[in-house]
Amino acid sequence: PVYKTIRLPFDAHIVDENGKRVEGADVLLITEQHPAKVPLKFVLIQTDAEGIAIFKSVKEWKMENLIIHGIQNYSWSMCVSKAGYGTVDNIALSDFPSQKINVVLKKTKYVSEDCSSWVKE
């Protein structure tokens with residue numbers, strides 16, 4: 001058995017192009033497992049009054065075999081959206097060395113994609 005990190009801990013700080021905190025933005029964490037063909041896992045959190053969404057670490061014991069494709073790896077990405085702002089997606093968490101991720105949303109007059117629509121009930 002191996003104690004694996006299933007979800008990374010991080011804080012997403014969402015601001016607009018003027019540096020103002022964005023309350024009520026959808027922050028979608030997407031977990032992908034490799035090489036297994038396991039469905040993507042989603043966690044959706046809205047930013048608080050400070051423009052922050054906090055994701056806590058999740059770890060689990062997993063059984064792994066020392067054969068081809070026996071070891072599972074995880075990768076995480078994020079999508080951020082809010083009505084009136086352009087959607088920022090495909091943010092790879094591996095690109096951020098710290099547990100604080102800053103994302104800038106830019107206002108738009110166009111309809112942008114809603115990250116929460118990715119989550120299948």
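Which backbone nitrogen does the side chain of Thr 47 reach at 2.9 Å? The side chain of Thr 47 reaches the backbone nitrogen of Gly 24 at that distance, and the legends below place this contact among other close-up views of the predicted model.

Residues are numbered from 1 along each chain as its sequence is written, and side-chain values use heavy atoms, with hydrogens and water left out. In this predicted model, local features need pLDDT of at least 70 and side-chain atom pairs count only at pLDDT 80 or more, whereas totals for chains, interfaces and linings use all residues.

**View 1. The whole protein is built with 9 strands and 0 helices.** Read from the N terminus on, the elements run β-β-β-β-β-β-β-β-β; strands (E, at least two residues) and helices (H or I, at least four) are DSSP runs, numbered from the N terminus. The C-alpha atoms fill a box of roughly 50 × 25 × 25 Å, taken along the principal axes. Of the 121 residues, 31% count as buried, where buried means under 20% relative accessible area, exposed means over 50%, and partly exposed lies in between (1.4 Å probe, protein chains only). Among contacts (heavy atoms within 4.5 Å) with a separation of 6 or more, 67% are made by residues 24 or more positions apart.

**View 2. Thr 47 reaches two backbone atoms through its side chain.** Thr 47 is placed in the loop between strand 4 (41-46) and strand 5 (52-55), and at 5% relative accessibility it counts as buried. Its side chain reaches the backbone oxygen of Val 22 at 2.7 Å and the backbone nitrogen of Gly 24 at 2.9 Å. Both are polar contacts, that is, pairs of N or O atoms within 3.5 Å; within protein, one atom must be able to donate a hydrogen and the other to accept it, and residues adjacent in sequence count only if both atoms are side-chain atoms. Leaving aside its neighbours within four places in sequence, Thr 47 is in contact with Ile 14, Val 22, Glu 23, Gly 24, Ala 25, Val 27, Ile 52 and Ala 53.

**View 3. A disulfide joins Cys 79 to Cys 115.** A disulfide is a covalent bond between the sulfur atoms of two cysteines, identified here as a pair of cysteine sulfur atoms within 2.5 Å, and by this rule the count comes to 1. The S to S distance of the pair Cys 79 and Cys 115 is 1.8 Å, and with -70° about the S-S bond the link is left-handed. The pair links distant parts of the chain, 36 residues apart, with Cys 79 in strand 7 and Cys 115 in the segment after strand 9 (100-105). Cys 79 is buried, with a relative accessible area of 0%, and Cys 115 likewise counts as buried at 0%.

**View 4. Ser 75 and His 34 are joined by a polar contact of 2.8 Å between their side chains.** Ser 75 lies in strand 7 and counts as partly exposed, at 26% relative accessibility. Apart from its neighbours within four places in sequence, Ser 75 is in contact with Ile 30, Thr 31, Glu 32 and His 34.

**View 5. Tyr 85 is buried in the loop between strand 7 (73-81) and strand 8 (88-92).** Its relative accessible area is 10%. Beyond its neighbours within four places in sequence, Tyr 85 is in contact with Asp 16, Val 22, Leu 105, Lys 106, Lys 107, Thr 108 and Ser 112. The C-alpha atoms of Tyr 85 and Lys 109, which stand 24 residues apart along the chain, are separated by 7.8 Å.

View 6. Asn 90 is exposed, with a relative accessible area of 63%.

**View 7. The largest cavity is lined by Thr 31, Glu 32, Gln 33, Val 38, Pro 39, Lys 41 and Tyr 74.** On a 1 Å grid over the protein atoms alone, a cavity is a set of points where a 1.4 Å probe fits but cannot get out, and lining residues have an atom within 4 Å of a point. The structure holds 1 cavity of 30 Å³ or more, and about 40 Å³ of space lies in the largest cavity, where grid points are joined across faces, edges and corners and the volume is the space filled by probe spheres set on the points. Strand 3 (residues 26-34) gives the largest share of this lining, 3 residues.

Note on methods: On a 1 Å grid over the protein atoms alone, a cavity is a set of points where a 1.4 Å probe fits but cannot get out, and a pocket is an open set with protein on both sides within 12 Å along at least five of seven lines; lining residues have an atom within 4 Å of a point.
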